[in-house]
Amino acid sequence: MRTKSLKKNKINVITLGCSKNVYDSEVLMGQLRASGKDVEHEAPAESEGNIIVINTCGFIDNAKAESVNMILEYADKKERGLVDKVFVTGCLSERYRPDLEKEIPNVDQFFGTTELPQLLKALGADYKHELLGERLTTTPKNYAYLKISEGCDRPCSFCAIPLMRGKNVSQTIEKLVKEAEGLAKNGVKELILIAQDLTYYGLDLYKKRNLGELLEALVKVEGIEWIRLHYAFPTGFPMDVLEIMKREPKICNYIDIPLQHISDSILKSMRRGTTQAKTTKLLKDFREAVPGMAIRTTLIVGYPGETQEDFNILKDFVQEMKFDRMGCFAYSHEENTHAYLLEDDVPDTVKQERANEIMELQSQISWDLNQEKVGQVFKCIIDRKEGGHFVGRTEFDSPDVDNEVLIDASKHYVKTGEFVMIKIIEATEFDLYGEPA
């Protein structure tokens, strides 16, 4: 018995997990729209449609739990006649399909990360090869993600991504330029380059690390004003990228380089292919090559065998390096990874205490760095208006993860989607307050 009237054959796509999943959902929706389907991203409950597609994350325990809960929620809605069909795709589905099919039989079909044509067919749509790079973007109109490669060839012991996404496969420079041109025509001003590993880009296609050449091509795209680099692996980083970053004003002086740890014994067990000395030198080279560059990193605490001494080494390193941005995660023991063979011997409470300690340390560093910005003027992109503020970012900040610049909307008007020069008048640990300069 239906308790509400549903819009027939409207497809609602729900995305969980990282920006790479956002990109995949956008491609899916672009294909559906091209087949004449009525599709929306995360539609509100009152108009969510009768066909649900959940794009899942299967990276760590918390993400898996969130994905499973979302699937169960919609399986239940289907049971109660609130929706007609539920399809599941993405990383969790790739990794655990047999288990999911058995445990949640009410889902119509599960699809892996490389089964877009099959998913489209199940939704009554055709896969159109000619839609090269065309997507229905879900981000604010001024920025979009550009996925330059899929999968990963790195052997990191803790990571399940190769299990879910396969080996590294780069997109050609020509295809990426065409995609960037299409985005620019639709008003996108900022490209955020994403991959499991940017530094590996091109090795499979061009037999060399080719991120530099890709950047040289992308800066020529008219309408694109900022290009931002996310998820660069530290080992084998192509140093020519730094010269291009310094020379080309379009490339943000920003890099996201997940280091995970710094204690040599942990790095070795993690199979990261680097050492504390090499990593420290790399970061110093970054800062020498591009003075004022913002470096974002991600750390893991509580990895098997992490002693108090290992953790102290990590804390000292964070204090010394003064990263501009940072995320810190408690280690998640993932089956079928190399580290799963090790004993998960750091108690959960200790993992969480260590993660909190690192983030408290970072919070003080961020406060100090932000106070230095007070009185300075920055070029900012205005993403949206929220509550009583316009919300923007400097070139040193990526959406959803970094600082935001808040402008009092009762005193000032700025246009969303545009660049504005903003003077910083106040700062907290993770936000800046400003006014048009």
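Which residues is Met239 in contact with, leaving aside its neighbours within four places in sequence? I shall return to that question in a moment.

Good morning, colleagues. This is a predicted model, in which local features need pLDDT of at least 70, side-chain atom pairs count only at pLDDT 80 or more, and totals for chains, interfaces and linings use all residues. Residues are numbered from 1 along each chain as its sequence is written, and side-chain values use heavy atoms, with hydrogens and water left out.

Let me answer the opening question. Apart from the neighbours within four places in sequence, Met239 is in contact with Leu282 and Asp285, where contact means heavy atoms within 4.5 Å. Met239 sits in the loop between β10 (226–229) and α9 (240–247). The helices (H or I, at least four residues) and strands (E, at least two) that I name are DSSP runs, numbered from the N terminus. Met239 counts as partly exposed because its relative accessibility is 32%. On this scale, buried means under 20% relative accessible area, exposed over 50%, and partly exposed in between, with a 1.4 Å probe and protein chains only.

Met239 is 203 residues from Gly36 in sequence, and the two are 46 Å apart in space, C-alpha to C-alpha.

Helix α1 covers residues 19–34. Its 16 residues reach 23 Å from first C-alpha to last, close to the 22 Å expected at 1.5 Å a residue; the expected span is 1.5 Å times one less than the number of residues. Because 13 of the 16 residues of α1 are buried, the helix is largely enclosed by the rest of the structure.

I turn now to the sheet. Five strands form an open sheet in the order β2-β1-β3-β4-β5, with parallel pairing. The strands β2 (38–41) and β5 (109–110) stand at the edges with a single partner strand each, so one side of each is left without a neighbour in the sheet. Two strands are said to pair if DSSP finds at least two bridges between them. Between β3 and β4, which run parallel, there are six bridges, and Ile51 stands opposite Lys85 in β4.

Helix α2, residues 61–79, has 19 residues and reaches 27 Å from its first C-alpha to its last, close to the 27 Å expected. Which residues of α2 are buried? They are Ala63, Lys64, Ser67, Met70, Ile71, Tyr74, Ala75 and Lys77. They cover an arc of only 160° around the axis, which puts them on the same side of α2; the arc is that of the directions from the helix axis to the C-beta atoms. As background, an α-helix has 3.6 residues a turn, so residues three or four places apart point the same way. Among the elements covering the buried residues of α2 are β1 (10–15), β3 (51–56), β4 (85–90) and α3 (91–103). The face turned away from the buried side carries the exposed residues Asn62 and Glu79. Just after α2, Gly81 has a positive phi of about 80°.

Next come the annotated cysteines. The unreviewed UniProt entry gives a "binding site" annotation to Cys152, Cys156 and Cys159. UniProt positions follow the numbering used here, feature names are shortened, and annotations may be inferred rather than shown by experiment. Cys156 lies in the loop between β7 (149–150) and α5 (161–165), and Cys159 is also placed between β7 and α5. Cys156 counts as buried because its relative accessibility is 11%; Cys159 counts as buried at 17%. Not counting residues up to four places away in sequence, Cys156 touches Phe233, Met270, Arg271 and Arg272, while Cys159 touches Phe59 and Thr337.

I continue with strand β12, residues 294–301, in which eight of eight residues are buried. Ala294, Arg296, Thr298 and Ile300 are on one side and Ile295, Thr297, Leu299 and Val301 on the other, and both faces are covered. Strand β11 (residues 251–256) runs parallel to β12 and is joined to it by three bridges, with Tyr254 opposite Ala294. The pairing of β12 with β13 (residues 325–330) is also parallel, over six bridges, and Arg296 stands opposite Arg325 in β13.

Finally, the record from UniProt, an unreviewed entry, places the feature "domain: TRAM" at residues 371–437. That span is 1% helix and 52% strand, and its end C-alpha atoms lie 18 Å apart. Thank you for your attention.
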